[in-house]
Amino acid sequence: MTEPSTPRVARTRDELRAARAELAGQTAVVMTMGALHEGHATLIRQAREEADHVVVTIFLNPLQFGPREDLSKYPRTFDDDLAICEREGADLVFAPTPDVVYPDGDPGVRISAGPLGDVLEGQSRPGHFDGMLTVVAKLMHLTGGDAFYFGQKDAQQLLLIRRMVRDVDFPAQVVSVPTVREADGLAMSSRNTYLTDSDREVALSLSQALSAGAAAAAEGPSSVRRAARAVLVQEPLVLVDYLVLVHPTTLEDVPEWYRGEALLAVAGRVGTTRLIDNTPVVIGPGGGRRDVFSQTLDPVP
Ligand code: AMP
């Protein structure tokens, strides 16, 4: 095996174009906002195994942050990020500033997430998914990748990206990567750095609620919801925003008779930090937790 070498870094559109021209073959892209952790590393690793080349984008997209959100305090760790990209064998890192991505300022024309962007995360973060889809569309075009790797950790984001690709016919393959967790179950997130030691203990109840819910999957939707809620009510320091069991593509609550794949998702505030987590589950006999959904919205052939 060859030693990893420092990936080329492109900051401008011209630098990206020049670097991309040298990468022949199938190219996979991993989009990030930086502050990379083992979750991001896993996406890069899987992309590395499945494509000829890997491009990582590091861009803290202002368009997807609300006015009262954490854009200004979001961790910025570029040197460490680059070291992870190198370790995982990325060929190219595209790390533009906002004026490179948005040369005319905030774009007047944006991708609309539609009704699926108004529920769950969208309800707490108005405009978030339009901003996210707009930058994902731009980065799909700018990087010219063939396959794009996204984490199941951001389930609604992943669904909306798959919807966008299918609904407006992007020539892109979307790959889902299972959520990477700490040994105690906490889903890895760049925002975990905001947590104090005691916050972190409290935050564990989110993943524990998902585990409890998934363990009741054979018994049906109300048992799943009840088991998950029972964990959360034991931890009053989590301010729960939502705990839902929904259909994986419509995000509507599944009825009691429902059997098959569903998304058990939770969001809540711990201290000053808003955290999200989820797990795919199969409801019904032989059901339980899954890593990713087996049925996804693929591009129309
Ligand atoms: P972010 O930098 O938070 O925007 O995340 C960039 C990509 O990494 C997205 O596709 C996320 O879903 C994914 N990601 C973030 N955390 C995790 C995790 N714990 N496990 C798997 N994927 C993750």
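I count two residues as in contact if their C-beta atoms, placed from the backbone, lie within 7 Å. The model is predicted: local features need pLDDT of at least 70, side-chain atom pairs count only at pLDDT 80 or more, and totals for chains, interfaces and linings use all residues. Numbering starts from 1 along each chain as its sequence is written.

**V54.** I looked up its contacts, leaving aside neighbours within four places in sequence. V54 touches A28, V30, I44, A47, R48, G89, A90 and D91.

**Core.** I then took the nonpolar cores: buried Ala, Val, Leu, Ile, Met, Phe, Trp, Tyr and Cys residues joined through C-beta atoms within 7 Å. Buried needs 20 or more other C-beta atoms within 10 Å of a residue's own. The largest core has 73 residues. V30, V54, V56, V93, V224 and L264 have the most contacts inside it. Helix α6 (residues 128–143) gives the most to this core, eight residues. Helices are DSSP runs of H or I, at least four residues, and strands are runs of E, at least two, numbered from the N terminus.

**Domains.** I read domain 1 as 8–177 and domain 2 as 190–285, with bounds from an automatic or database domain assignment. Their centres, taken over C-alpha atoms, are 26 Å apart. Each domain puts twelve residues into the contact. On the domain 1 side, α5 (121–124) and α7 (155–167) each give two or more residues.

Definitions and conventions: Buried ≥ 20, exposed ≤ 12 C-beta atoms within 10 Å, placed from the backbone.
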